[in-house]
Amino acid sequence: MPGGLEERYIRLEVISGKNFQVPTQRIPAGIYISININSNKRWKTATNVLSSHRYVVSLYASPAFSVEIRASYEADRMLGSGEVIGELRTSWDELLDYGDEPFELSFPSICGLHPSLTLKAGVVHACDDQDGALFDSPVYRKITRDTDAGHARFAEYKTSKTASHLDDAVKHFQLVLDQCPVGHPDRAAALTNLACARLEGYIQKDIQEVETTTTLFREALALRPQPHPDHALSLYNLIKALNWHYRKEPTPVYIHESAQLCCKLLHFCPEGTYLRSIGLDSAVDYVIGKCNYLPIDTSDEGIQLRRNVLKLCPVGQQSRPKVLDNLSWTLRSRFTQRGNIDDLDESIQFRREAVSLCHEGHSDRDVYLNNLAISLELRFNHQGKPYDLDEAISLHEEALRLRPVGHKLRHISLGNLGGVLVICFGRRGNIDDITRAINLYRNVLTLHSPGNPRRGTVLNNLALALKTKYDKLRIGKDLNEAIDLSRESLQLTPLDDPERHVNLFNLSSALCSRFMHTQKNEDIEEAINLCQESLAPLPLLHPDRSVIYTRLQETYLSRYRILHDPADLLLAVENFRLASRHPTQGFPWRISEAIDWARQAEVYQHESALEAYQMCFELFDSHVMTRSSIISRHEAASAFRGAKSLPVDAASCAIRSGNLRQAVELVEQGRGQQWSLASRLRTPLEDLKSASPRLAQRLSELSKRLSDAQSAAVSIDRAAADRAAIEYRKVARQWETAVAEVRSLPGFLRFLRPPSFADLQAAARHGPVIILIASRYSCSAIIVPRSGEPHQVPFPRITLPDLENLKDDFSTAILHAARMRIEEPRKTLRVLLQIVWDEIMLPIVNVLQHDLQLRRQSRIWLCPTATFTFIPLHAANPFRMKADRSGPEACLEDIYICSYTPTLSALIRSRQMMKMRVAPSFAAIGQSQPGAGQGTLLPAVDSELELVHELVPSNVEFTVISGDKATQAAALNALQQNTWVHLACHGKQDREQPYNSRFAMRDKPLTLLDIMENNSPHAEFAFLSACHTAVGDEETPDEAIHLAAGLQFSGFKSVIGTLWAVNDALAKHVVEAFYEKMFGNLKDGGVMDCTKAAWALNHAAASLKQKNVPLEQTIVFIHIGV
């Protein structure tokens, strides 16, 4: 060497490496480079995934040395020197010959590959940049020698497959483990080395060794908890052992654990990390593949496995659609066993994603379309959402198009489409649907000749379609064919078939129908026996038990109708009770059962009728609470045939039973459920704050979250709507839990429960409330006085059809009057108001005057129900002269000051909110030129606003919003910011979707939904000088869904609205007379008082009689609230 070189240093930079192959095929923790000068002196780099590092080596040592590439199985503390994967003899001179340029150092072949390193070498004069400097290795100890010997012998075994080499390797590794007792820092490494040798060798021959080997891996993992550097590699080793064991002995427990560990490992090893690059993904793919073919397991552990497998399949992974579908099937199956709707919703979410990942042309798109449709159909049966049924039909249609004639799965799509069309016919009655369904099933049957294992199922489905057709059209041959097919299907269904109960109760239903036609006792006896047989194998919470209870009540009730045995009626009622109470069946089914129970109990005068009505209201309440939007709740409430009359029928039942208090409670519980549900989220919590500030805060926060989660409209994005519904129910359950906790407090047992009569009587604190009940069973009124018992006022000469005719006559008379000249007498309208007086209001007035001793000009509140809501009760008038001819007889408004209230609770709530009064401010909002499509020009609006401004006391802050400024946003803001509001514009009641009822503004309408979402606790009074603001829709009249009720709900305690169209030019007469009375005594000071609105309107109506204002315009305005 040149003189003086001994005092200098060589800088060796490792840039990269390639073609590394570990002879034992183990996954190393990393690679390091060892430079061996002699037997006592060596340098080694740090262990890592090979990348660019610089090392500095002193040159005073021998110029010849060896370079080794070694695999280390420990990233932390090394045990031994690892395994040699490349070795080369060279010299410093040879390295320095390359100058300052990178060069490749190639090593002899290992396992058929030539490993190589890309290096740079150069001389430096000082050891001042020792990034990753080499260091002396420790002197060999016995533990190190044994470890290295074990690695060497194990490598030899992998090459030669000589058993003695493996025995030697295991012997050396066992010696090392013996030197590493519990607590030794190298014990985990020793356990791992021994386990790897045993896994690759002994277990291949003897599967019994697997437990011992797996135990070694488990102990090593336990000694390397996160964040130990070798934690991930220990996880991988255990996964590898479990996968191997499952391959030899496919017991699910091994693959379950492997999937769970893979999830943990992937968390530590994101894409691009070392373990992912050298083989982890192949182990994960093995787990995914094996799990995809496991049978459905609906246990919590089984579903957790499916969730774990999904975590192993990120978006873009080829197996993700299949994994999503498997998890969906598992959740759907658990739903059918337990009835938890969250399982089904989640199943649908996963299936939507699977479909989205399989675009047009994907080979499995038809499968995922079919499966999504099946889940949507199931949800429709459980929850009754129409769009689920429509979407299911559309998806089955698309799947069928992807399965042309000759496709191996075409028969499945034919049958599934037929099934959903049967359901559609049952709900909508379109004969084309059932005709097509039957044809589809007959086509499927031709594809399942005798001997086909699925023939029994197809026969049962065709039988059900024919029976469904018979139920609607009563064609006898359809029923007989259905029975024959059901019998054949049952013969083909094994006794242990988990769906056999479906065949049994379908045949039972068909036999029951034939009994009603033929009255053959053997049919009904067989039907009952079949139902009981179908019930026997099902667990108590199986949703189909509810269906079987329904079939049983049908059979018992059918037999009772023919044989009149009271025992059959009792059995029918008991099965009504069981079906409507079954917790895992969907609310729509249970509600339908409860409604039918109430109807049949009325028909046969059974004492359970009131219980049935109570059940209806409880189920309705729970059902609408599950809906995440205001509109969907209204749709849910109006979806049941015959449901709209339940509140009044229940009240009538209680009246006929002599229980007037319960009648009041039931009619209140059944009416205005939309407002009641929404009001719960705005319940004042002052009392609760005193008892439990923590709970009050919690409930307040949850109420706000629940209110915010209510989307105003149903999203057209079904996946987004499903996600919103799931989130809504999640918050709703938390809210219900908080409410239950509140009820456990002393004094809060009835918190947010349906009010008792004692609670409701508070509505009559300032005057009696008259509830007018229009039922098919009886029509009457209940007067709720300030104290004491309620009073019944029967209407013996009025029936529900009479009221319907009266309502229609009023509608016709009002329309006719609108076309008459102002001076023409309204004879027809007068006659109708006479009927209202004589038949309805006079009997009520007699009780008020004589029984309750209510003084003239006292206030009364009318609470009409059902058809009564469309009749102007306040305008009842005899239109007769007194007997002594001294003048006209007094009309209702001459005797009492009339107000309306949609429910007693609404009146109580408004009174409670009167405590939150602030300094008054008045906003007059008018729109004479509404935006396109919202109505015609209203020329008198601006002058009406000027008139209001003149009549409002000058010391009150007054704002006028009109013309281009009267926009939807400005009007809503005015409702939020002012305590008194006057609205003059077009009003429109939307009879198809009442929540879209609206006020016409300059840009877009101000809807009832907008108003409901507004919370104005300090608001007091609103005058709605617009058309149709206080009349609800005919489908759900007892919900009182109209603009005036919406303003009352949002915070306005006193509201004046209209029952029909208002004449723009004539409205100012009412407005002028009203405000003159309202503010006439405030010229010299005083407080604006919204409780005087009813009195002012009464006097305004009386004064208009002296003016040339037609009758229909003097009675169009009504007062609602305090």
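Two strands pair if DSSP finds at least two bridges between them. Helices (H or I, at least four residues) and strands (E, at least two) are DSSP runs, numbered from the N terminus.

**Entry: ground rules**

I am reading a predicted model, in which local features need pLDDT of at least 70, side-chain atom pairs count only at pLDDT 80 or more, and totals for chains, interfaces and linings use all residues. Residues are numbered from 1 along each chain as its sequence is written, and side-chain values use heavy atoms, with hydrogens and water left out.

**Entry: domains**

I looked up the domains, whose bounds come from an automatic or database domain assignment. The chain is divided into domain 1 (8-134), domain 2 (148-328), domain 3 (412-648), domain 4 (767-898) and domain 5 (920-1121). I then checked one distance: the C-alpha centres of domain 2 and domain 4 lie 84 Å apart.

**Entry: strand β21**

Which strands pair with β21? Strand β17 (residues 980-984) pairs with β21 in the parallel sense, over five bridges. There I found His982 opposite Phe1023. Strand β22 (residues 1054-1058) also runs parallel to β21, joined by three bridges. Phe1021 stands opposite Ser1054 of β22.

Next I looked at burial. Buried means under 20% relative accessible area, exposed over 50%, and partly exposed in between (1.4 Å probe, protein chains only). In β21 (residues 1021-1025), five of five residues are buried. Phe1021, Phe1023 and Ser1025 point one way, while Ala1022 and Leu1024 point the other way. In a regular strand the side chains alternate between the two faces of the sheet.

**Entry: a three-stranded sheet**

I found an open sheet with antiparallel pairing and the strand order β18-β19-β20. β18 (987-988) and β20 (1006-1007) stand at the edges with a single partner strand each, so one side of each has no neighbour in the sheet. Strand β19 (residues 998-999) is joined to β20 by two bridges. Phe999 has Leu1006 of β20 as its bridge partner.

**Entry: helices α34 and α35**

Two packed helices are described by the angle between their axes and the distance between the axes. Axes are lines fitted to C-alpha atoms, for helices over the stretch in contact, and angles run from 0 to 180 degrees between N-to-C directions. The axes of α34 (residues 800-818) and α35 (residues 827-851) come within 9 Å and cross at roughly 150 degrees. That makes α34 roughly antiparallel to α35. I noted the cut-offs: angles under 35 degrees count as roughly parallel, over 145 as roughly antiparallel, 65 to 115 as roughly perpendicular and the rest as oblique.

α34 passes α35 in a left-handed crossing. A crossing is left-handed if the near helix is turned anticlockwise from the far one by less than a right angle, and right-handed if clockwise.

**Entry: helices α6 and α7**

I moved on to α6 (residues 210-222) and α7 (residues 231-248), whose axes come within 9 Å and cross at roughly 165 degrees. That makes α6 roughly antiparallel to α7. Their crossing is left-handed. Contact means heavy atoms within 4.5 Å. Among the residues that meet are Val210, Phe217 and Leu221 in α6 and His231, Leu238 and His245 in α7.

Pro227 has its place in the loop between α6 and α7. A cis peptide bond joins Gln226 and Pro227, with omega about 15 degrees.

**Entry: buried residues**

Where does Arg26 lie? I found Arg26 in the loop between β1 (9-18) and β2 (30-38). Arg26 is buried, with a relative accessible area of 7%. Leaving aside neighbours within four places in sequence, the contacts of Arg26 include Tyr73, His151 and Cys196.

Asn575 is in helix α23 (residues 566-581). Asn575 counts as buried at 7% relative accessibility. Not counting residues up to four places away in sequence, Asn575 touches Tyr549, Leu552, Gln553 and Tyr556.

In helix α37 (residues 904-913), eight of the ten residues are buried, so α37 is largely enclosed by the rest of the structure. Among those buried are Arg909 and Arg911.

**Entry: positive phi**

Gln519 is not a glycine, yet has a positive phi of about 60 degrees. Gln519 lies in the loop between α20 (500-518) and α21 (521-535). At 48% relative accessibility, I logged Gln519 as partly exposed.

Gln853 is not a glycine either, and has a positive phi of about 55 degrees. Gln853 has its place in the loop between α35 and β13 (858-864). Is Gln853 buried or exposed? Gln853 counts as exposed, at 57% relative accessibility.
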